[in-house]
2 protein chains.
Amino acid sequence: MKNIENYLRKHHGRFVRELCEYLRFPSVSADARYAKGMSGCAHWLAEHCRKIGLDAELCRTKGNPVVIARTPQRARNGKPHYLVYGHYDVQPPEPLEMWKSPPFQPRIIGQSLFARGASDNKGQHFAHLKAVEAYLKTGTELPCDLTFIIEGEEEIGSPSLAAFLRKHRQRLCCDAVVISDTTLYGLQYPTLSYGLRGICGLEIILHGPSRDLHSGIFGGSLENPAMALCQLLARLRDARGRITIPGFYDDVCPLSSFERAEYEQHPFDADDYQKSLGVPQLFGEAGFSSLEQRSTRPTFEINGLTSGYQGNGSKTIIPSSARAKVTMRLVPNQTPKKILALTVRHLKAICPPTVRMEITMDNGGEPYLVSPESDMVRAALEALKTAFGCEPLLTREGGSIPIVNQFKHILNADSLLLGLALPDDNAHSPNEKFNLKAFAKGMLMSAWLWQKLSRSREF
Amino acid sequence: MKNIENYLRKHHGRFVRELCEYLRFPSVSADARYAKGMSGCAHWLAEHCRKIGLDAELCRTKGNPVVIARTPQRARNGKPHYLVYGHYDVQPPEPLEMWKSPPFQPRIIGQSLFARGASDNKGQHFAHLKAVEAYLKTGTELPCDLTFIIEGEEEIGSPSLAAFLRKHRQRLCCDAVVISDTTLYGLQYPTLSYGLRGICGLEIILHGPSRDLHSGIFGGSLENPAMALCQLLARLRDARGRITIPGFYDDVCPLSSFERAEYEQHPFDADDYQKSLGVPQLFGEAGFSSLEQRSTRPTFEINGLTSGYQGNGSKTIIPSSARAKVTMRLVPNQTPKKILALTVRHLKAICPPTVRMEITMDNGGEPYLVSPESDMVRAALEALKTAFGCEPLLTREGGSIPIVNQFKHILNADSLLLGLALPDDNAHSPNEKFNLKAFAKGMLMSAWLWQKLSRSREF
């Protein structure tokens, strides 16, 4: 590994310049005006993979092409095979006036490389590419085979990925997927995310009178749908922050003592957290820490409320309807299907007969969990520790990354989430950046990862 | 009275033609494009009052002029003095495409006279004018003095009326005000409204995080302001339809047994009512009939709810705030000031510490009540009975008519609400109409009213 470490150190300046070149492509998938930037970026990436020494291919999909790049001679001698997932498309740069320098003209200030896509996700998967380059260019034997899948539609929901994985299932058959597209707590806190919450959604409409009614002439003699909605939703969460839908928690897998102990290691200051949110007081399910609440516990969140008159001044009406948008975050082993069924059954049971209820459902995605005590996770933690020089943290993510479930369902492969973005890297916001130390540590971590992962399989 | 009745019968056709002439003026106060229609209408009306034999004057205000028309020699011999209030301005006619004939080209079909302003309010006060004409033109002595106040700003909230009443307080000093600007149940159910609900308003904003937050990353660890709002509002009404704000009902004057007996006389079919509203089931405060609920009981109505994302699809956020617009209808002897104070105190007491509450208040108007057993009301009921040939109903209105409180506070005069509009006369809607039988009965009622009212004062 000495050779590799030396190579990475020696060529760091060039790697940064190459990353800047990559970042100059305005590869915005959400906006057709950037089609040229998308196409240019995909071709550049495939060509760059070839330069590194990978067999690279631009694979067509119904949408934007996927870059597949694999280590030369695919192992036939039983070497493990890992996928590295990334995406070359980026979020739209708007609002442009909020950027301190143009989003597609990379600029370095201190250790920060500013550009759209710097951390989400070009910089992160580029670190993995450079680690492989180090193996290939120093003639060091990789202990595994690697296939990079770098898609161009992540920021628009990866609509072509599932079909792509199904079509190429055989060549993508692997032992695990490595994804660096999440956040680490800090450079002193390298982080492995071993779980994700799932999600499902509901839209609830309560219909009252056939039209908005005069609240003076009619008020008092019929249900107000807005009040009915408030009373309906209010009953779904108790004073201790528990969701009251019968059966809601039945399938929730409790945190192991190992996990709780891990969570206690996390750097977290409740006062700072409260201030950063701007709330007068924190609130969540009793019996769990804020960190646990936001990543390991299911939620019922109202995302939107609509009823009646919302303009200036007042309009004295009884609204004809009231509507709520709701999403629930799910944790292992809840499923969207069962939770939606329980929720709808409960809503029907408690909806007053004075209104008519209409519900639409969105199945969303399942939660994800890989055992934090598995050999694979242990190996990845070792790689993090070696590269960053400090104890890594284990965490679950509160959000949902649907592609992880696609890898699980289609390829039967677990994912290792090894984020290299800092919490203040402004993903999806103006002045997105990537920390060049995180870049360097990321390359080192990737180099070590293949050693540790491959060795873990031997036992 | 024979002479008068004959006069009214004989000239009915001309009265209808004159009313049509009056209705041809597009006297829309809300829209500056109709300024000419407003001015033409005011002048025509003042001139018409003079033709009838009244001393008419067009009085300036800060807004549109008020037509004052009084019976010739103002009584110095102790005759009672009554005001008749009306308004020559009308609602905007839009949406024009919904009218079956142009709104300012009166059209008669059967007994219905279609035109904007036909029942609200030109036709109604015109009936009173024609009754006075009958007295004056037949040389029948009026048992009282009358002053018509016909303003041009009712449909925009009568902004100039209070100042006008204050300025002319002395000449407007009177024994009572007669207003025909409400609804009667039907031609077989002449109606006297002896009460109105008051109103006050609140806007409640609950502030949570300083910006919309990602419901995956943060959800579970902080209060959702939309849920907090639902839980806050939900607690304000119990399962029996009672408002739970402490002290809310303290000043509510219970219905007398006389009033409840009267209410039982009203024609009302709960099934028809439910169907007309389009609700699956009626709902209101337990222990009261629908009619009582909507006119004699106070309410707490949510007029609008706003929070978070309201567009198509979903947006997985914890909204930074949630907002409700609320109005409360008040009944004697509640006051807006006290009810607002009680409500705000209660909201502060039950608002969770996890959100910051912002409240704005709107004082609205006080409820109004004149004793349904007073001599004045009895006299008016006799007039209704004589004119319509059947037993009149006594009712309270659920809505609020602020001008009635201005008459009470500035002139210390009670109002008699003797509506001539039918429930289906489409006030404020396309195809507004006025029933010509109601017009005829209204003239007769007015003629009798002065006899009965003046006589009632003698005892």
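The model is predicted: local features need pLDDT of at least 70, side-chain atom pairs count only at pLDDT 80 or more, and totals for chains, interfaces and linings use all residues. Residues are numbered from 1 along each chain as its sequence is written, while chains are lettered from A and ligands numbered from 1 in the order in which they are written.

**How the two copies are related**

**Where the chains touch**

- 66 residues of chain A are in contact with 66 residues of chain B, where contact is defined as C-beta atoms, placed from the backbone, within 7 Å.
- On the side of chain A that touches chain B, β10 (213–214), α7 (225–234), α10 (290–293), β11 (299–308), β12 (317–318), β13 (321–330) and β14 (356–365) each supply at least two residues.
- These labels are DSSP runs numbered from the N terminus: helices are H or I with at least four residues, and strands are E with at least two.
- β11(A) gives the largest share of that side, 9 residues.
- By type, that side of chain A has 24 nonpolar, 30 polar and 12 charged residues. Here Ala, Val, Leu, Ile, Met, Phe, Trp, Tyr, Cys and Pro count as nonpolar, Asp, Glu, Lys and Arg as charged, and the others, Gly among them, as polar.

**Strands that pair**

- β11(A) and β11 (residues 299–308) of chain B run antiparallel and are joined by 5 bridges; strands count as paired if DSSP finds at least two bridges between them.
- Across this pairing, A:L305 stands opposite B:S307.
- Within chain B, β11(B) pairs with β13(B) in the antiparallel sense over 8 bridges, and B:T299 stands opposite B:R329.
- Strand β9 (residues 198–207) of chain B also pairs with β13(B), antiparallel and over 10 bridges, with B:L330 as the bridge partner of B:G198.
- β13 (residues 321–330) of chain B is mostly covered, with 10 of its 10 residues buried. A residue is buried if 20 or more other C-beta atoms lie within 10 Å of its own, exposed if 12 or fewer, and partly exposed in between, with C-beta atoms placed from the backbone.
- Both faces of β13(B) are covered: buried residues include B:R323 and B:K325 on one side, and B:V326 and B:M328 on the other.

**Nonpolar cores**

- The largest nonpolar core has 92 residues, and B:V67, B:F148 and B:A380 touch the most other members. Such a core is a set of buried Ala, Val, Leu, Ile, Met, Phe, Trp, Tyr and Cys residues joined through C-beta atoms within 7 Å.
- Helix α14 (residues 436–456) of chain B gives the most to this core, with 10 residues.
- Not counting residues up to four places away in sequence, B:V67 touches residues including B:L45, B:Y88, B:F148 and B:I150.
- Another core, of 91 residues, lies apart from it and includes A:I4, A:F114, A:F148 and A:V177.

How values were computed: Two residues are in contact if their C-beta atoms, placed from the backbone, lie within 7 Å.
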